[in-house]
There are 2 protein chains.
Amino acid sequence: MRRHNSALVLDAIAAGPGSSRAAVAARTGLTKATVSSLVDRMIGAGLVVEGEAQARPGPGRRGTALHLSPSGPHGLGVEIGVDYIATCLVDLTGRVRKRWLRPSDNRASSPGRVLAKVATAVRTAVREEVPIGGLGVAVPGLVESASGTLRVAPNLGWREVDVRGELDRRIGLDVPVLVGNEANLAALAELWHGDGAADFVHVSGEIGIGAGIVVDAQLFEGVSGFGGEIGHLPVDPRGPRCPCGSRGCLERLAGQDEMVRAAGVSGPEELLTRLAAGDRTALMAVRSAAKWLGVALSAAVNLLDLPTVVLGGTYARLEPWLREPLEAELANRVMSAEWAPVRVVASSLGAEAAVRGAAGGAVRAILADPDPYVASVLA
Amino acid sequence: MRRHNSALVLDAIAAGPGSSRAAVAARTGLTKATVSSLVDRMIGAGLVVEGEAQARPGPGRRGTALHLSPSGPHGLGVEIGVDYIATCLVDLTGRVRKRWLRPSDNRASSPGRVLAKVATAVRTAVREEVPIGGLGVAVPGLVESASGTLRVAPNLGWREVDVRGELDRRIGLDVPVLVGNEANLAALAELWHGDGAADFVHVSGEIGIGAGIVVDAQLFEGVSGFGGEIGHLPVDPRGPRCPCGSRGCLERLAGQDEMVRAAGVSGPEELLTRLAAGDRTALMAVRSAAKWLGVALSAAVNLLDLPTVVLGGTYARLEPWLREPLEAELANRVMSAEWAPVRVVASSLGAEAAVRGAAGGAVRAILADPDPYVASVLA
DNA sequence: TGAGATAAGTTTAGGCATCAAACTTATTGG
DNA sequence: CCAATAAGTTTGATGCCTAAACTTATCTCA
């Protein structure tokens, strides 16, 4: 009962920062008395702080503003990329306190060695002297989220790695550890920090192509966490062979590597300069990727009836060149398109989305069900 | 609180019919005292009945078996087909008490005239003298389930029909009215009465092709209830024009009408006899439909990672001829297929699934949240 | 400047569902 | 027929919520 209502109240405060107790009561349908007692508990636990009394138009006592505490528990996010390890520390409101990025060729290292680096990164962040409420880890592969096990990460060459267990062992931190697929966490970050859309596919093009599907403000994980794995949708049955064993996979036709190869450049940075300069080969390469992306996305959009496509990762920066051909392809293939066209937008977080999602996920767990945390602090 | 626990307890009784109060307590984690009081309430409201005391292996008092009451509130389901109106009455356990089927060319009638017939069907069922706890209506079109409004039903030629409102007006029955898409309700029926699979796509081929997607024992409705509308997935970009305005829609290539046309027969019945007789044209027609079906289903299966495809409606009876080419197509196109092949099974309910789903949905609403019903009965 | 009006937030008394533990009832087996 | 065992009920305590009265703070108007 209290558990449920605590979540309700905290959610109201998060949704409307600066609300008074009375406003929260009106919003949640609880009585002022109940809200008062729950809020006091959460202030005691350091989740909520009181702010200035707000002005009001007419007569009457002014309400005291309530906010999520910026010095409350922080979420620590780590992203294990193919060639880097990114870390960031966010507070309850989602603001980034500090971030780190260190290059690391994880493809060439064993899981053990990489996780040791992750542990070092975590220890560095812990030195910031802010309370850590949870740890989130984003990995570019298939994750069984319940156990925190990485089943397979093709682009790292890893299989069956008990990420949660390993990290629990390597860092003495007694906090919940969330392990998630990089694309899924990026989609969640977009949900929390984006333009407010609650239904979309978020495609992030890094070395691989991942998609996170958000329906009704909830991540759609699919049956075995495999949901939304769009990278290996076979878009061209007669296309080139893919390391996964199939033919004409999206990733093979629209991934970063393929764009770079087709454009004849050294990497994504050069690709961007060439595009800006109007280089014909580069433009063609991106246009072709957009077309294949459109084929795969239209299947998702048709089936799940999603109104929005968010371009994340490398695709975010390529948006000016991707958008038009992608929208054309979608308009052609999506059945409800002429009635309600699919919106294509660039992610506001870009390549940073995954870490932000990992860090956010760690604190969101507290926000979604604060009572256990409150109880543990007050005990 | 009580509301939540009532649902918990009733769910335990439904899942394990014949359990004792003590067993339910163990299963739900509530105390025996709490379970006793909740069960007594539900017995009072006529949802639950006590059965014989069960034998037990050792010493100790025997528990009294608890069952969902077969004389409790019944669900009344009505299906508005293109050329028939089907009705059925089911009890809390899902057993069919009685069913009706009357031919009716609904394509040629106005919504008002058809809904008048539905009202008559409802009145007939009410004469059975069993308590009606809810009414479910299955329609072959796009439904906004919250309001009970039919947005559009291409195969009936209807648009914007307030089905719930109209029926509320025409029948004096004061019960909740559930309006749902025929394919979605059929999928739910399969979930409740099928072989226990909790994740599948259910495709039903009637005049149109509808799909219901069930993930984690929950119907996936999509953003605007449009989810899983597979009938107009464009499977062949260069295919024939479809009344919907697009080209090469699945429905146009694999629907009942197309199979019948391609086989050169008068209707589905004749198609079946010809198939049984080994008629070459009929076999080819079905094989082609299976191929297109495979194209559309593989997109769904890839994206949602579903392990099972259920053939419903007319397809259920065609399963012996559909299965092999369909499985071949899926094996080819589904990425995870060689690792975990997609199972193709025939629906156990066939053409009856939609009515069953409508009737079941009406009572499930009570099972899922019994307290309001209990309160209203005891008041 | 002060009384009246208005609204925020707190206190208090009461209700209701749950739980733990004691108790009653039913059954088996020596 | 009595000890052991388990189902189900009764009882008293606890915790959380609510309604309603109360206190505090602020504005407005005379």
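**Close-up 1. Helices on the sheet of chain A.** Helix α6 (residues 182-193) of chain A lies across β3, β6 and β10 of chain A, at about 100 degrees to β10(A). Here helices (H or I, at least four residues) and strands (E, at least two) are DSSP runs numbered from the N terminus, while axes are lines fitted to C-alpha atoms, for helices over the stretch in contact, with angles from 0 to 180 degrees between N-to-C directions. Contact means heavy atoms within 4.5 Å. Before we go on, please note that this is a predicted model: local features need pLDDT of at least 70 and side-chain atom pairs pLDDT 80 or more, whereas totals for chains, interfaces and linings use all residues. Residues are numbered from 1 along each chain as its sequence is written, chains are lettered from A and ligands numbered from 1 in the order in which they are written, and side-chain values use heavy atoms, leaving out hydrogens and water.

**Close-up 2. The open sheet of chain A.** Its 5 strands follow the order β5-β4-β3-β6-β10 (chain A) with mixed pairing; two strands pair if DSSP finds at least two bridges between them. At the edges sit β5 (96-103) and β10 (177-181) of chain A, each pairing on one side only. From one strand to the next, the twist averages 15 degrees. Helix α5 (residues 163-170) of chain A packs on this sheet and touches β6 (132-139) and β10 of chain A.

**Close-up 3. An antiparallel pair in chain A.** Strands β3 (residues 74-80) and β4 (residues 84-90) of chain A run antiparallel and are joined by 6 bridges. Look for E79(A), which stands opposite A86(A) in β4(A).

**Close-up 4. A parallel pair in chain B.** Strand β6 (residues 132-139) of chain B pairs with β10(B) in the parallel sense over 5 bridges. L135(B) stands opposite V177(B) in β10(B).

**Close-up 5. The protein surface near DNA strand D.** In all, 26 residues surround DNA strand D, and the closest are N5(A), T34(A), K32(B), S36(B) and T64(B); a residue is near if one of its heavy atoms lies within 4 Å. The most residues come from α3(B), with 3.

**Close-up 6. Polar contacts with DNA strand D.** A side-chain N or O atom of S36(B) is 2.3 Å from a phosphate oxygen of DNA strand D, and a polar side-chain atom of N5(A) lies 2.7 Å from a phosphate oxygen. For R61(A), a backbone N or O atom lies 3.2 Å from a base nitrogen.

Technical notes: Polar contact = N/O pair within 3.5 Å; in protein donor to acceptor, adjacent residues only side chain to side chain.
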